[in-house]
Amino acid sequence: HTRAMSSSDAEVACCASQDDAPLLRRVVAPSRSQWEWITSICCALSYACTYFWRYPAFVLPPDVLDVPVRGGFTLRSCISFAFIGGFAAAKLPAAHFASSRLFFRHRRTLLLSLITSSMLIEGAGLAAPHPAAKVGAVFASAFLSSFLWGCMLTYLEGRVTTERHVALATLCLIYAGNASRGALVSSSSSSSGGSS
């Protein structure tokens with residue numbers, strides 16, 4: 001009788017584990033709609049973070065930014081020109097790239113590569129000792145950053161809830177823009193106060 005009960009218990013346990021396996025998979029693995037929202041939140045936050053590595057170049061110490069570079073321009077002026085020029089120069093290439101077959105086939109990989117490259121180039125360039133390296137890094141980072149918004153919208157389009165994802169990204173964009181400018185003003189004020 002004990003053996004029969006043991007084998008019966010084993011069969012029940014085996015059946016229970018088999019029945020629970022799909023349930024566990026359903027509990028652990030997010031649904032398709034949940035994955036879409038996870039993707040949307042990651043895209044929105046990633047784009048928002050780009051503002052916080054674009055602007056540190058403008059709050060470097062005055063002894064760095066006021067260094068003369070060429071033609072009477074300081075590093076501060078050259079970085080400003082590089083920032084604006086990088087975004088302006090990338091507009092047409094970015095539009096072509098976002099609508100290309102290459103991007104449609106590898107949207108996630110290329111979008112992540114653009115975000116990561118923009119961050120690393122500016123971070124490494126600003127740490128370089130030579131002013132020309134700083135200016136070049138700001139230009140290259142701004143050039144790549146100009147691709148991000150259009151590529152992110154292309155990545156998010158075609159979904160049932162695309163409008164909500166774009167609204168979330170826009171909300172993060174507005175907040176990040178204001179927050180990064182606030183950090184810029186705060187850092188500039190503290191730097192000027194410390195120097196005086």
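Phe103 is buried, because its relative accessibility is 0%; buried means under 20% relative accessible area, exposed over 50% and partly exposed in between, with a 1.4 Å probe and protein chains only. This is a predicted model, in which local features need pLDDT of at least 70, side-chain atom pairs count only at pLDDT 80 or more, and totals for chains, interfaces and linings use all residues. Residues are numbered from 1 along each chain as its sequence is written, and side-chain values use heavy atoms, without hydrogens and water.

**Aromatic pairs**
- The whole structure holds eight aromatic pairs.
- Phe97 and Phe103 form a tilted pair, because their ring centres are 5.4 Å apart and their planes stand at 50°.
- Rings of Phe, Tyr and Trp (its six-membered ring) pair if their centres lie within 6.5 Å; planes under 30 degrees apart are stacked, over 60 edge-to-face, and the rest tilted.
- Phe97 and Phe147 are edge-to-face, because their planes stand at 65°, with centres 5.7 Å apart.
- This pair links distant parts of the chain, 50 residues apart: Phe97 is in helix α4 (residues 75–98) and Phe147 in helix α7 (residues 131–156).
- Helices are DSSP runs (H or I, at least four residues), numbered from the N terminus.

**Burial and cluster**
- Phe97 is buried at 18% relative accessibility.
- Phe147 is buried at 8%.
- Ring pairs join Phe97, Phe103, Phe139, Phe143 and Phe147 into a cluster.

**Charge over a ring**
- Arg54 lies over the face of Tyr51, 4.6 Å from the ring centre.
- The criterion is NZ of Lys or CZ of Arg within 6 Å of the ring centre and within 35 degrees of the ring normal.

Methods:
Helices (H or I, at least four residues) and strands (E, at least two) are DSSP runs, numbered from the N terminus.
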